[in-house]
Amino acid sequence: MKIAFTTTGTDWNASIDPRFGRTEYILIYDEEKDEITNFDNRDIADVAHGAGPKTAQLIFDLKPQVLITGNGPGGNAAAVLTKTDLKIYIGAGNMTVKEAYEAYKTGILKQS
Amino acid sequence: MKEIVIISGKGGTGKTSITASFAMLAGSDAIIADCDVDAADMHLLLKPDWFMQDDFYSGVAAEIDPEKCIKCGKCEQVCRFEAINHETGQYEVSNLNCEGCGYCGHICPAGAISMVEQNVGKWYVSDIKTGAKMVHAGLKIGADNSGKLVAKVKREAKAIATLENKPYIIVDGSPGIGCPVVSSLSGADFVVFVTEPTVSGIHDLERVYQLVEKFRIPSGCIINKADLNEQVSAEIKLFLTNNGIQHLADLPYDESFTKAMTNGQTIVEYPDSPITGVLTICWTDLKLILEKQ
């Protein structure tokens, strides 16, 4: 399973970025390979308008099965993501990546 | 740290006056972020000292290099925004009309057009009369607020709140339901709707609620001037109940509201106003709601 997180940093101890479209990084944890990869999203975070759909496009290309974030994508981004099989979990806004992963595993996070 | 965002959907409901009152009641506990950047006016009530300022760049506009321009006129033909003219003999771009789409640059055979990032205004960090800091911004004439600018103001406010270990961030949210509002809501712990008992008040409340609902942010509502139309106030309360929005307070119509605004003060600086008591209780309730979350 590939799990994507919206984050403000690049490792397990980084904070979850509560924003979807303007998240600083997308961190992907591949459970099978036990491997973390990062995607710098700061160029998208810096556009004046339309950050949500652009980040949704990135998620679409990275093909994770699960997304863990803070508030969840806004309307335009959500419209893109409903075309995928992605499961979105929200409510991790004040957690680190590690805490958010554990919260997801123990079923604490709500599915959007 | 908890982030409270105050929005209204409709203008003129008293959102900023109420936000500034909460800022006064919170005192040094809350960092304030004015994300209503199109018509920023928190500074009129909270008396910032404009301590730090910096330029803000957002969006692009076309620029034609007259040295390279071969005056073929193709750019003017394709521009959908009538932003290019050659009245002076040179092809020129009007920044007020240019939407930054880049079509002209794409078709220019001489490579004379480049897209240049625009300085649209300034953002500030100020000490304000509540004893805390406020992050705010001002746009140049004709410049638009954007999700980017709101994100910037909120990010700076959060950084200060973290650094100074403040329990609250109070955000004066952007109007409408577009990109800046989405950006205002992002990362919020609680949303306060400010509405009024008018047809457009309830209509715009319903619209902006749809947005908040998507983000699953818990919310509450203050009905301002609630006694002016009790029938619509009752309709609003029914809407709140049906959608699980907490009814935080009814504010009576009172001229102290306007008087405070005219004097550049917040309502809660008028101890005799009937609104002061209601807002004081409302702020205490809000803090309790946030503690329980």
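This is a predicted model: local features need pLDDT of at least 70, side-chain atom pairs count only at pLDDT 80 or more; totals for chains, interfaces and linings use all residues.
Chain B holds an open sheet of 9 strands with mixed pairing. The strand order is β3-β6-β7-β2-β8-β1-β9-β10-β11. The edges belong to β3 (52-64) and β11 of chain B. Each has a single partner strand, so one side of each lacks a neighbour in the sheet. Neighbouring strands are turned by 20° against each other on average, direction ignored.

Strands β9 (residues 190-195) and β10 of chain B run parallel and are joined by 5 bridges. In one of these strands, β10(B), B:Ile222 is the bridge partner of B:Val194.

## Helices across the strands

Helix α1(B) lies across β1, β2 (30-34), β8 (168-172), β9 and β10 of chain B. Its direction is at about 165° to β8(B).

Helix α7 (residues 199-215) of chain B lies across β1, β9 and β10 of chain B. Helix α7(B) runs at about 165° to β9(B).

## Helix α10 and its two faces

Helix α10 (residues 274-292) of chain B has 19 residues. From first C-alpha to last it reaches 28 Å, close to the expected 27 Å.

The buried residues of α10(B) are B:Ile275, B:Thr276, B:Leu279, B:Cys282, B:Trp283 and B:Leu286. Why do they share a side of α10(B)? They cover an arc of only 125° around the axis, which puts them on the same side. Residues three or four places apart in an α-helix point the same way, because there are 3.6 residues a turn.

The cover over these buried residues includes β1 (2-7), α1 (15-26), β10 (219-223), β11 (246-250) and α9 (256-262) of chain B. The face turned away from the buried side carries exposed residues, among them B:Ile281, B:Leu288 and B:Lys292.

Terms used
Residues are numbered from 1 along each chain as its sequence is written. Chains are lettered from A and ligands numbered from 1 in the order in which they are written. Helices (H or I, at least four residues) and strands (E, at least two) are DSSP runs, numbered from the N terminus. The expected span of a helix is 1.5 Å times one less than its number of residues. A residue is buried if 20 or more other C-beta atoms lie within 10 Å of its own, exposed if 12 or fewer, and partly exposed in between; C-beta atoms are placed from the backbone. The arc is that of the directions from the helix axis to the C-beta atoms. Two residues are in contact if their C-beta atoms, placed from the backbone, lie within 7 Å. Two strands pair if DSSP finds at least two bridges between them. Axes are lines fitted to C-alpha atoms, for helices over the stretch in contact, and angles run from 0 to 180 degrees between N-to-C directions.
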